Amino acid sequence: FFFTFFAVRVMPLPGLVYKWVTNDFAKLSDEKGIALALGSSSTLLIHLLLQSFWFMLMVKKIVKLVTKSGDGKKAKKEE
């Protein structure tokens, strides 16, 4: 799940942002107006933040599982 999430949701984000900034924003603001372009920018920003947040949570969980390596069990036995 982790690798699939990264490949499908996180890896394309820099390309989406680059394409939005270099091409899509200007076209949308010319055709539909600056208000709609700014609104679409905010939805892209929210999408970017949500995907990054969920990926960060997964990374923290994996790091916690990998670095645990029995240290918690030893601390409980000493108490």
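A crossing is called left-handed if the near helix is turned anticlockwise from the far one by less than a right angle, and right-handed if clockwise. The exercises below concern a predicted model, in which local features need pLDDT of at least 70, side-chain atom pairs count only at pLDDT 80 or more, and totals for chains, interfaces and linings use all residues. Residues are numbered from 1 along each chain as its sequence is written, and side-chain values use heavy atoms, with hydrogens and water left out.

**Exercise 1. Secondary structure**

State how many helices and strands the protein has, and give their pattern.

Solution. Helices (H or I, at least four residues) and strands (E, at least two) are DSSP runs, numbered from the N terminus. The protein contains four helices and zero strands. Along the sequence, the pattern reads α-α-α-α.

**Exercise 2. The span of α3**

**Exercise 3. Packing of α1 on α3**

Determine the relative direction and the handedness of α1 and α3.

Solution. Axes are lines fitted to C-alpha atoms, for helices over the stretch in contact, and angles run from 0 to 180 degrees between N-to-C directions. The axes of α1 and α3 are 11 Å apart, at an angle of about 155°. Angles under 35 degrees count as roughly parallel, over 145 as roughly antiparallel, 65 to 115 as roughly perpendicular and the rest as oblique. The two helices α1 and α3 are therefore roughly antiparallel to each other. The crossing of α1 past α3 is left-handed.

Contact here means heavy atoms within 4.5 Å. On the α1 side, Phe-2, Phe-5, Phe-6, Arg-9 and Val-10 take part, meeting Gln-51, Trp-54, Phe-55, Met-58, Val-59 and Ile-62 in α3. Sorted by class, this contact has nine nonpolar, one polar and one charged residues. The classes are nonpolar (Ala, Val, Leu, Ile, Met, Phe, Trp, Tyr, Cys and Pro), charged (Asp, Glu, Lys and Arg) and polar (the others, Gly among them).

**Exercise 4. Packing of α2 on α3**

Carry out the analysis for helix α2 (residues 13–32) and helix α3 (residues 34–68).

Solution. Their axes come within 8 Å and cross at roughly 165°. That makes α2 roughly antiparallel to α3. The crossing of α2 and α3 is right-handed. Among the residues making the contact are Trp-20, Phe-25 and Ser-29 of α2, and Ile-34, Ala-37 and Leu-38 of α3. The contact of α2 with α3 comprises eleven nonpolar, six polar and one charged residues.

**Exercise 5. Burial**

Classify Ser-29 and Phe-25 as buried or partly exposed, and list the buried residues of α3.

Solution. Buried means under 20% relative accessible area, exposed over 50%, and partly exposed in between (1.4 Å probe, protein chains only). Ser-29, in helix α2, has 17% relative accessibility and so counts as buried. Leaving aside neighbours within four places in sequence, Ser-29 is in contact with Ile-34 and Ala-37.

Phe-25 also belongs to helix α2; at 24% relative accessibility, Phe-25 counts as partly exposed. The C-alpha atoms of Phe-25 and Ala-37 are separated by 5.9 Å, although the residues are twelve apart along the chain.

In α3, the buried residues are Ala-37, Leu-44, Gln-51, Phe-55 and Met-58, and they pack against α1 (2–10) and α2. Of the 79 residues of the protein, 13% count as buried.
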